[in-house]
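Dear colleague,

I am passing on the structure below, together with some notes on what came out of the analysis.

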Amino acid sequence: MTLAPTTGRRQMHRHVLLARQLSGVVILCFVVMHLTNHALLISSIDLADNARAWLAKPWRSLPGTVLLYGAALVHALLALWTLYSRRTLQMPLIEMVLLIMGLLIPYLLIEHAVAMRLQLPMRGIEPSYLQVLTLQWFDNPVLAIQQSVALIIVWVHGCLGLGRALSANPRFRQIRTVLIAAAVLLPVLALIGYGVAGTETVERIRQADMSPHPPMRPMPESYGGGNMIAMVATAMRSGWVMLIAVVLILRQIRALLARAGSVEISYLGGALVRVAPGTSVLEASRINGIAHYSVCGGNGRCSTCRVRIMASDMPLPDADAAERATLSRINAGPDVRLACQLRPTAALTVARLIEPPQTHLTTAPEMPPEEREIAVMFCDLRNFTSLSERQLPYDVVFLLNRYFELVGNAVSASGGKVDKFIGDGVMAVFGLEGDLPHACRAALRAAALIRQEIAVMNRELHRDIALTIDVGIGIHAGPAIIGQMGFSGNMSQTAIGDTVNVASRLEGVSKDLRAPIVISDEVMAAQDRDRAGLESQRVPIRGREFGLVVWPLRDADSVRFL
């Protein structure tokens with residue numbers, strides 16, 4: 001099968017993505033400074049006005065104005081382009097939210113932008129916070145609510161877009177908790193400042209109006225009520241709505257024209273669909289309600305949507321570097337492609353290699369799985385089978401619940417999460433909200449706590465029912481996929497991957513080495529506690545040709561990790 005290069009579309013997609021990200025960063029920088037200025041209103045209106053002279057200065061200059069409004073225009077037009085270019089409006093929830101916000105924001109901000117950057121400069125007026133607060137809180141309270149809502153939508157849109165763009169960056173994941181806290185705190189402080197200052201302004205005006213000689217109002221009458229603002233703002237809002245309507249009409253025209261020159265895709269098993277050229281095979285499945293797995297959401301980061309090309313009327317487009325890398329990892333043959341990346345230009349027949357039940361339309365999950373650097377711990381009861389044979393069933397239930405509670409409390413106290421119970425074993429993950437060194441330290445602390453609490457529990461069990469138990473623990477660290485897994489209403493978050501498998505095998509190695517805790521060299525290297533007196537050794541591990549370097553830990557050794 002000969003492949004024809006189609007780099008134009010991919011290059012255009014990269015340019016559009018870069019333009020969207022750069023323009024979004026510019027707007028987000030402006031919003032950060034704007035919210036910071038609003039937050040200063042908590043202290044006083046005068047302080048906020050003084051800070052505004054510095055915070056707004058870069059954006060009031062000619063280059064800053066061109067940069068800001070150019071970025072806003074580019075971002076708005078790209079929202080229209082996204083609406084037009086998508087072959088289907090079926091998309092993951094986060095993409096739908098970002099698109100709706102991107103179309104709504106210009107409509108909400110047009111009136112404020114016209115007043116602040118057109119009307120007032122033309123009259124030679126430099127607005128102060130007192131003037132703006134008078135307009136928005138005293139003259140037109142609805143406008144105050146509208147601007148607050150618009151500011152929140154802009155902020156959420158920017159944070160979601162930035163988080164989505166950086167989600168695959170390991171450094172971003174390390175500081176994500178701090179960024180989320182800042183993303184919540186800054187708008188909350190800004191809204192509090194805006195509300196406090198607005199209430200203060202209204203009260204100040206009412207008291208002034210009740211005096212025998214009321215002072216002149218701080219806001220020029222033309223601001224906010226002038227015909228020019230009303231006409232320009234209305235015209236721009238109407239124009240924006242018309243642009244959206246035109247894009248929707250063009251989508252329909254494109255769909256009608258595409259039917260004449262459509263690409264025919266046949267699915268092995270009987271389904272036959274026709275779509276516009278440039279539509280991916282995965283999009284074709286979604287448009288026509290054909291069940292098609294795509295765990296990563298159609299971003300080429302998994303292979304669940306892969307198809308085998310059974311026949312093609314013309315050479316297929318080349319696979320890009322990302323698709324080739326994914327296919328290489330699964331040792332796919334030359335006739336296998338990712339449905340989310342393959343955009344045929346002529347009729348072809350495909351076979352879904354992972355075919356879901358026909359009764360279930362598999363779409364992209366609302367929270368697609370992501371790859372994270374985590375630590376995984378397996379804890380297992382020793383000789384549980386023989387122990388349960390000697391005990392009454394209800395006594396076994398009592399024992400297991402005590403043991404599970406002990407392990408669960410130790411994991412939670414160390415900042416980890418119990419992933420699942422497997423018979424008499426427990427799997428826990430660490431690092432869902434932090435970096436890998438923190439995850440390894442937390443896992444080691446949890447293991448030490450478990451061993452410590454097991455000793456206490458054994459003293460009670462020996463005294464009450466003449467019984468003692470023992471556990472083995474294995475810990476490994478590395479990349480794993482974190483995501484919602486299961487079916488229908490039985491979905492739960494879990495971790496899968498080689499890191500999980502190795503951790504499970506290390507728990508078995510702990511029995512062979514007669515050590516209560518066995519950790520991998522990756523865990524020991526990531527944590528920063530003193531390793532004096534500890535020794536490593538290489539042990540055979542199923543699936544590892546040269547085995548694995550591990551560190552057996554005794555109870556006395558584990559105390560240093562508490």
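Ser 414 touches Phe 430, Ala 442, Arg 445, Ala 446 and Leu 449, leaving aside residues up to four places away in sequence, where a contact means heavy atoms within 4.5 Å. The residue sits in the loop between helix H14 (393-413) and strand S9 (417-422), helices (H or I, at least four residues) and strands (E, at least two) being DSSP runs numbered from the N terminus. With a relative accessibility of 9%, Ser 414 counts as buried, a class that means under 20% relative accessible area, against over 50% for exposed and partly exposed in between (1.4 Å probe, protein chains only).

Please keep in mind that this is a predicted model, in which local features need pLDDT of at least 70 and side-chain atom pairs count only at pLDDT 80 or more, while totals for chains, interfaces and linings use all residues. Residues are numbered from 1 along each chain as its sequence is written, and side-chain values use heavy atoms, with hydrogens and water left out.

Helix H15 (residues 436-465) has 30 residues and spans 41 Å from its first C-alpha to its last, close to the 44 Å expected at 1.5 Å a residue, the expectation being 1.5 Å times one less than the number of residues. At its start, a side-chain oxygen of Asp 435 comes to within 3.0 Å of the backbone nitrogen of His 438, and after the helix comes Ala 466, with a positive phi near 50 degrees.

Leu 506, in helix H16 (residues 498-512), is buried with a relative accessible area of 0%. Among the residues that Leu 506 touches are Ile 475, Val 518, Ile 541, Leu 548 and Val 550. Leu 506 and Pro 552 lie 46 residues apart in sequence and 9.9 Å apart in space, C-alpha to C-alpha.

The axes of helix H2 (residues 45-55) and helix H6 (residues 129-139) come within 9 Å and cross at roughly 115 degrees; axes are lines fitted to C-alpha atoms over the stretch in contact, and angles run from 0 to 180 degrees between N-to-C directions. Ile 45, Ala 48, Asp 49 and Arg 52 of H2 make this contact with Tyr 129, Leu 130 and Leu 133 of H6.

For the chain as a whole, there are 18 helices and 15 strands, and 43% of the 562 residues count as buried. Of the contacts with a separation of 6 or more, 74% are between residues 24 or more positions apart.

Note on methods: A polar contact is a pair of N or O atoms within 3.5 Å; within protein, one must be able to donate a hydrogen and the other to accept it, and residues adjacent in sequence count only if both atoms are side-chain atoms.
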